[in-house]
Structure formats: C-alpha cells, structure tokens
Amino acid sequence: MADETATVASTGITVQIVTPVGEVYNESNIELAVVNTQGGQIGIMRKHVPLLAALTINELLVKSNGQMDTLAVNGGIAEFSNDLLTIVADSAETSDNIDVTRAEGAKERAEARIAHAQSDHNDAELKRARVALMRAVNRIHVAAIRQGK
C-alpha cells in the first residue's frame, strides 16, 4: 500500500488554488504548471526548487494527462515546495466556469470608468479601473482558449 502511494505522489505535482471565497482548484498528478509572476513566466514540474512569487493578472496553464487546462488567476502569491503548488489569489476561475457575457460587461464598465477617470484626472480611480479591465480581459482570454479561439 505504501508503495502505491509513493508511486502516485511521484508522478507529478499537486496544484491548489484558494481565494477569499474558498478553494477554486485542487488537482494532483499535474505534469506541468506555468505561472505568470511579476518576474516573468515560470514552468513548475516535479522536484522544482522551492519558490515564492507574486503573481500577475494572467492565465495559469496546467498540463495533466497530456491535456492543457487554463485558469484565469487575478493576482496573488504562488508558493511551491515538496511538489505542492499553492496559489493564494485575489480571485481565480477555471475556464469552464467563466461567464463570458458577464466578463464582457465588466470589460465595458472598466473601459467607461477609465474614460471617466481620465477626463476627471483621477489617478487613483484610473489605476483601479485599469486593474478591473485587466481582470476582465484575462477572463475573456481564458474562456476563448477553452473554446479554441
């Protein structure tokens, strides 16, 4: 029994994503996870050196059984050690859970907020609106990958 557990554990890494609303993703036997950090893109496989990195608003790629899955991750922190990648994100969604219509509405609202903030010369609101736009575009992009676009 112990040999079986060791064999399963040694075939890949575990990827766990948590947000303020709870666990979004938890899968084992992942061959490769590609995270986008503030320092650049990092591919993580079994036996990777320990890592702690701040994430950008971008996609997370996860390869398992030869299939690539994509998740929208909106900032946060990634920690990797002992073949466990833990991502604590501001928000995250699997590609099949993204409501594209809602994301497109969020994009339009963010664009309107940007225009308004620029006309008012409100730098703080402009920064918040740009982050909202990046999140919406990221969600739309990840959903489009899932649909093969």
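## Asn-138 and its surroundings

The side chain of Asn-138 comes within 3.4 Å of the backbone oxygen of Val-73.

Asn-138 is part of helix α3; helices (H or I, at least four residues) and strands (E, at least two) are DSSP runs, numbered from the N terminus. The residue is buried, with a relative accessible area of 5%, where buried means under 20%, exposed over 50% and partly exposed in between (1.4 Å probe, protein chains only). Apart from neighbours within four places in sequence, Asn-138 is in contact with Ile-57, Asn-58, Glu-59, Ala-72, Val-73 and Asn-74; contact means heavy atoms within 4.5 Å.

## Basis of the values

This is a predicted model, in which local features need pLDDT of at least 70 and side-chain atom pairs count only at pLDDT 80 or more, while totals for chains, interfaces and linings use all residues. Residues are numbered from 1 along each chain as its sequence is written, and side-chain values use heavy atoms, with hydrogens and water left out.

## Cavity

On a 1 Å grid over the protein atoms alone, a cavity is a set of points where a 1.4 Å probe fits but cannot get out; a pocket is an open set with protein on both sides within 12 Å along at least five of seven lines, and lining residues have an atom within 4 Å of a point. Grid points are joined across faces, edges and corners, and a volume is the space filled by probe spheres set on the points.

The whole structure contains one cavity of 30 Å³ or more. Its lining consists of Val-35, Asn-36, Leu-55, Thr-56, Asn-58, Glu-59, Leu-60 and Val-73. Two or more of these residues come from each of β3 (32-37) and β5 (51-64), and β5 gives the largest share, five residues.

## Pocket

The largest pocket holds about 190 Å³ of space. Its lining is made up of Asn-74, Ser-91, Ala-92, Glu-93, Arg-102, Ala-106, Ala-132, Arg-135, Ala-136 and Arg-139. At least two lining residues come from each of β8 (92-94), α2 (100-120) and α3 (123-146), with α3 giving the most, four residues.

How values were computed: Polar contact = N/O pair within 3.5 Å; in protein donor to acceptor, adjacent residues only side chain to side chain.
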